[in-house]
Amino acid sequence: MYEQDPLSALDAITEAQRIAFAPMLFQTALCLRNADVLAYLDRQGKQGATLEDITENSHVNEYAVSVLLDMGLSGRIITHKAGRYYLAKIGHFLLHDTMTRVNMDFTHDVCYQGLFFLENALKEGKPSGLKVFGDWPTIYPALSQLPPSARESWFAFDHYYSDGAFDAALPHVFASCPATLYDIWWMSQFLDCFSPEQIVAMLSKVARVMKPGARLCIMELFWDAQRFEAASFSLNASSLYFTCMANGNSRFYSAEKFYGYLDKAGFQVDERHDDLGVGHTLLICQKKK
């Protein structure tokens with residue numbers, strides 16, 4: 001999906017402006033949702049609502065509603081005809097889609113302020129944005145002490161992407177009837193928390209102690225193993241959370257690069273199962289012969 005540049009010059013400059021003002025659009029969408037404007041328009045259905053009606057049924061005044069509605073039009077969140085506003089498809093998913101809500105809350109509560117320091121994180125190789133919450137080397141020891149909204153959004157994000165994959169993966173893990181299951185040899189969404197060098201080092205240690213016939217099971221989200229562009233986009237965006245907020249040196253990897261790390265550590269992939277849960281991949285590996 002990324003091998004071509006399909007946009008016309010006019011479409012490209014429009015998208016460039018959307019990027020230039022992306023924080024404004026994001027905050028507008030969040031405010032429209034949190035002020036119950038989207039929910040009210042959803043209830044009105046095809047009859048829509050006037051500015052006055054929306055103001056009376058929201059948590060903000062007419063000025064606030066009017067600037068949000070205008071930007072909402074530009075963001076294709078709502079539509080407007082003959083003095084009445086209507087919920088558009090994007091607005092519908094902002095309001096009703098669980099994945100969108102989880103992603104927005106995570107972006108706003110966990111990442112938004114810290115992303116101001118992304119350039120520092122890229123240069124320093126550490127989570128420079130984490131300082132908005134306190135002084136920690138990584139986010140993991142800080143989780144219990146994050147502000148409630150950030151803590152709740154972090155765990156909601158984590159569980160949304162994790163929980164659904166286990167039931168789909170475990171039949172493959174247990175298909176060979178393993179006698180023993182080690183946490184270092186069943187690695188579920190674990191290795192994306194480390195740099196490539198750390199991944200190779202850990203897997204090399206596992207390879208050295210594995211008995212003949214033992215297998216390594218790795219479950220990860222790979223951005224190049226997704227069926228839909230929205231999923232790849234979400235994973236590549238989430239990688240910047242690792243860069244700026246989590247630890248400064250990890251990410252969601254491509255399967256292409258990850259295969260190279262396995263090879264360096266002495267493993268070959270025997271089985272690959274894609275599309276588990278909301279987009280996980282399970283790799284079942286053995287030591288190279």
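Student: How many salt bridges does the structure hold?
Tutor: It's a predicted model, and the structure holds 7 salt bridges.

Student: Okay, why would side chains pair up like that at all?
Tutor: Side chains with opposite charge can pair when their charged atoms come close.

Student: Which side chain meets D105 in a salt bridge?
Tutor: That's R33, with 2.8 Å from N to O. D105 sits in helix α7 (residues 98-111) and R33 in helix α2 (residues 22-34), so this pair ties together parts that are 72 residues apart in sequence.

Student: And is R33 buried or exposed?
Tutor: R33 is buried, since its relative accessible area is 8% and the cut-off for buried is under 20%.

Student: Switching topic, what does E271 pair with?
Tutor: E271 and R215 form a salt bridge at 3.4 Å, N to O. Strand β5 (residues 267-276) holds E271, while R215 is in the loop between α10 (196-209) and β4 (216-221), so parts 56 residues apart in sequence get tied together. E271 itself is partly exposed, at 30% relative accessible area.

Student: How accessible are R227 and D275?
Tutor: R227 counts as exposed, at 63% relative accessibility. D275 is partly exposed, with a relative accessible area of 38%.

Notes. Residues numbered from 1 in each chain as written. Predicted model: local features only at pLDDT ≥ 70, side-chain atom pairs only at ≥ 80, totals over all residues. Heavy atoms only, no water. Salt bridge = Lys/Arg side-chain N within 4 Å of Asp/Glu carboxyl O. Helix = DSSP H or I, 4+ residues; strand = E, 2+ residues; numbered from the N terminus. Buried < 20%, exposed > 50% of the residue type's maximum accessible area, 1.4 Å probe, protein only.
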